Amino acid sequence: MHKIAILAPHGVIPFDLSTACEVFSRVRVPGLPAAYEVIVCGEAPSVAASLFDLHTRWNLGHAAGAHTLIIPGIDDIDAPVSEAVLATIRATAAGGARIASICTGAFLLAASGLLDGQRATTHWMAAGELARRFPAVTVDPNVLFVDNGKLLTSAGAAAGLDLCLHLVRRDYGAAVAADAARAAVMPLERGGGQAQFIVHPEPSSSLALQPVLKWMESQLHSALTLEAIAAHAALSKRTLSRRFLEQTGTSPLQWLLGARVRRAQYLLETSALSVEQVANATGFGSSAALRACFGKQVGTSPHDYRQSFRSR
C-alpha cells in the first residue's frame with residue numbers, strides 16, 4: 001500500500017493539511033481495501049496551527065518509509081524552521097520518497113536544499129520572497145503546480161487539491177483520479193500549467209516610467225505601437241525597451257498586453273459588457289484575440305473567468 005505521510009510543523013495551515021488528508025484518505029481503487037495509508041506526523045504531540053492546536057497520533061519519526069511526504073503551507077514564512085523538520089524532509093527524500101509541498105510549504109522544502117536547481121512554485125503572493133531567499137530555485141509564480149518527478153510544489157489553497165489529484169492520477173490513473181475529484185467536488189481538468197488567479201499590482205509610483213505606464217493604461221482601447229509609446233515618452237525605441245526591461249522586467253508591448261488583460265479581468269468582473277465589447281474596450285479588437293491572450297496569461301477563458309469572479 002502507498003504510504004502518505006503529511007508533515008505537521010508548528011504554524012501549519014490547517015486547510016492545506018486537511019486537503020491532503022481528505023483527498024488521499026477517500027481514494028477508492030477497485031480490488032484494493034485502501035489506496036493509501038495516510039498518517040499525519042507532528043513536529044510535537046501538540047502542534048500550534050493558527051486558531052487552534054492539533055494533537056497528532058504520529059511523530060516525525062513515523063515519516064520513515066513513506067512513499068510520499070506532503071508538506072503543507074505555513075502561516076508565517078519568517079518563523080524559524082526546526083532542524084528536526086528539515087532533517088525529516090531530507091531523510092524521507094533520501095529514502096526514495098517523493099516530496100510534495102502545498103502553498104508556502106515550498107519554503108520548508110527549499111530550506112532543506114532539495115529544491116536547488118529545480119523549478120518550483122508557491123502562492124503568488126509569496127513567490128517573490130521565495131525567489132529572493134533561495135536564488136538557486138527557479139520560481140514560477142504563474143502555474144498551479146510543478147512536477148519535477150520526485151519533487152513537486154503547488155500554489156495556494158485550491159491548487160493543493162489540484163496537486164493531490166495529480167498525484168492520485170500518477171499513482172492509479174485518470175479514472176481513479178476522476179472519481180476522487182468527484183468526491184472532492186473538484187474538476188480534474190485543471191493542469192499544472194494553468195495560471196494562478198493573480199491580482200496584479202498597479203504601476204509603482206517609484207518607477208521612472210510611471211507616467212508612461214499611466215498613459216498607456218489610459219490608451220488601452222487604442223492601437224498602440226512601439227513607435228507611438230516611444231514618441232510619447234520622448235525616447236528612442238531602443239532606449240524605451242531597455243528602460244522597460246530594467247524597471248518592469250518585460251518589453252513595452254508585453255507590458256501592454258498584460259495591462260489589457262488586467263483591464264479585461266476588471267470589466268468581466270464588474271460589468272455586463274459582452275466578451276466582444278470587452279475585447280474592443282481593451283484594444284484586442286476581436287473576441288478571438290482576447291480569448292487567445294487571456295487564456296495564455298490567465299489560464300482560462302473570459303467566459304469561465306466571469307462565471308467564477310463576477311461580482312454579485
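**Close-up views of a predicted model**

**View 1. Surroundings of Val176.** Val176 touches Val27, Arg28, Val29 and Val168, residues up to four places away in sequence not being counted (contact: heavy atoms within 4.5 Å). Val176 belongs to helix α6 (residues 174-183); helices (H or I, at least four residues) and strands (E, at least two) are DSSP runs, numbered from the N terminus. With a relative accessible area of 10%, Val176 is buried (buried, under 20% relative accessible area; exposed, over 50%; partly exposed, in between; 1.4 Å probe, protein chains only). The model is predicted, so local features need pLDDT of at least 70 and side-chain atom pairs count only at pLDDT 80 or more, whereas totals for chains, interfaces and linings use all residues. Residues are numbered from 1 along each chain as its sequence is written, and side-chain values use heavy atoms, with hydrogens and water left out.

View 2. Asp78, Glu129, Arg132 and Arg133 are linked in a network of salt bridges (a side-chain nitrogen of Lys or Arg within 4 Å of a carboxyl oxygen of Asp or Glu). Arg133 pairs with Asp78, the closest N and O atoms being 2.2 Å apart. This pair links distant parts of the chain, with Arg133 in helix α4 (residues 124-133) and Asp78 in the loop between β6 (68-71) and α2 (83-94). Arg133 is partly exposed at 28%, and Asp78 is exposed at 57%.

View 3. Asp179 and Arg182 form a salt bridge (3.8 Å, N to O). Both residues lie in helix α6, three residues apart, about one turn of the helix.
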